[in-house]
Amino acid sequence: MNSPASPARPPRLASWLLGLFLSDDLATPIAGDLFEEFSEVSRLHSPRAARRWYWSQTLKTIPHIMWIGVRTAPLRLILTTIGGFLLLSATLNLPEWVFFAVVNNHCKYFLMHASAYRFWLVNGIPIGWSVVAAAVGISIALLARGREMIASLTLSALVAAFSIGTSAVFFLSLNDGWAITDWRAFSFTLPILRHGSFVFSLPHLPHVIFAFHEPFFITGLLQSVMIIAGAVLVRAINNFRFAAA
Amino acid sequence: MPSRENLGEFEHLVLLALLRLGDEAYGVTVRQEIAARTRRDVSIGAVYATLDRMEKKGYVRSQMGDPTPERGGKRKRFFRITASGAAAVNRTHRALKSMAEGLRLAEKLS
């Protein structure tokens, strides 16, 4: 005997994604409305059509939810974004300081293990930047309570724009025959130009030598992603606690 | 204090849907009413964004209902139009009527 088919469930990923953006007061009615219509579409058409409908509604709904968040608390959003940007600028050298403090305290070890030094220099500092960016994402998510994703996406877009802009200035400056040597004023990713796996020299400016490991805008984009990841973590924990309550 | 401005097109549609639906106006019914009568694919987010904005203007008020199993145990949020919301609908109707008065739209648009 066949067992009765279990009722279709909305796509988990879409529900989770929507839950990241919904504030507590909108979460219950909107999630309930979507669930109700999903069941109706599933019954009248098919579970597959219902899943498609649910995804389409989710993707169309998120921009509106974000706009509600922006419209209802623009000042908090601006202050959170600026605060996050300043916090990121202030703490981004932290991994470098930590790395060199460890190297200074364990000179003997690193003198005997040059490959370990090189590994941590090339990989440890970018990992440290990612951790710092995630911590900033967590901080601004806690400050922008209810608007975690909007604040983190705004800050993330700002950091990405800075990184891409800095890269553009850098490459354009090569063609013009001049180079800005103090990247600290323009980019979050200066240390990549100073430490890395190979040396790049400019033929027309032989006294300027840049050492870098990878295009620095990639690190900037990684930081953007990590800011969002930090905020997603906060939001996911909040949603879990809200569902448990 | 309620605004004296005319309603935007979608705001107008949402308030008319509330008037039609009476006590049964919540996200799903409002969305379906507009979709059925205007043949527009409306997202639930657009409906809530508009209702939220109009609640801030004092045109709408809302209250939570009871949780029901067909909604996965989640409660409905019912909406009702207020007196100033109804006045805004009337004002917008009058403005549209006044603008269209004396025009032979079929001729103008052909």
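A salt bridge is a side-chain nitrogen of Lys or Arg within 4 Å of a carboxyl oxygen of Asp or Glu. By this rule the structure above holds 15 salt bridges over all chains.

A word on the ground rules before the tour. This is a predicted model, where local features need pLDDT of at least 70 and side-chain atom pairs count only at pLDDT 80 or more, while totals for chains, interfaces and linings use all residues. Residues are numbered from 1 along each chain as its sequence is written, chains are lettered from A and ligands numbered from 1 in the order in which they are written, and side-chain values use heavy atoms, with hydrogens and water left out.

Let us start with chain B. The C-alpha trace of chain B spans about 55 × 35 × 20 Å along its principal axes. The accessible surface of chain B is about 6400 Å², and 51% of this belongs to carbon and sulfur atoms. Such areas come from the Shrake-Rupley method with a 1.4 Å probe; for residues, only the protein chains shown count as cover.

How much of chain B is buried? Of its 110 residues, 42% are. Here buried means under 20% relative accessible area, exposed means over 50%, and partly exposed lies in between (1.4 Å probe, protein chains only). Among the contacts in chain B with a separation of 6 or more, 56% are between residues 24 or more positions apart. Chain B also has a salt-bridge network: Glu5(B), Glu11(B), Arg53(B) and Lys57(B) are joined through shared partners.

Now turn to where the two chains meet. The size of an interface is often given as the accessible area lost when the parts come together. Buried area is counted in that way, with a 1.4 Å probe and summed over both parts. Between chain A and chain B it is about 1900 Å², with 55% given by carbon and sulfur atoms. In chain A, the residues that lose the most area to chain B are Asp33(A), Glu36(A) and Glu37(A), together 27% of what that side buries. The contact takes 22 residues from chain A and 25 residues from chain B.

Which links cross this interface? The count between chain A and chain B is five salt bridges. In one of them, the side chains of Arg71(B) and Asp33(A) meet at 2.7 Å, N to O. Arg71(B) lies in the loop between strand 1 (60–68) and strand 2 (74–81) of chain B and Asp33(A) in helix 2 of chain A, so this pair joins two chains. Both Arg71(B) and Asp33(A) are buried.

Another salt bridge links Lys60(A) with Asp41(B), whose closest N and O atoms are 2.4 Å apart. Helix 2 (24–44) and helix 3 (47–72) of chain A each supply at least two residues of the side that touches chain B. The largest share of that side, 14 residues, comes from helix 2 of chain A. Lys60(A) is partly exposed, with a relative accessible area of 32%, whereas Asp41(B) counts as exposed at 56%.

Salt bridges also form inside chain A. One of them brings together the side chains of Arg235(A) and Asp24(A) (3.7 Å, N to O). Arg235(A) is buried, with a relative accessible area of 2%, while Asp24(A) is partly exposed at 41%.

Finally, look at Thr58(A), in helix 3 of chain A. Is Thr58(A) buried or exposed? Thr58(A) counts as buried because its relative accessibility is 0%. Leaving aside neighbours within four places in sequence, Thr58(A) is in contact with Ala14(A) and Leu18(A).

Methods: Contact = heavy atoms within 4.5 Å. Buried area = accessible area lost by both parts, 1.4 Å probe. Helix = DSSP H or I, 4+ residues; strand = E, 2+ residues; numbered from the N terminus.
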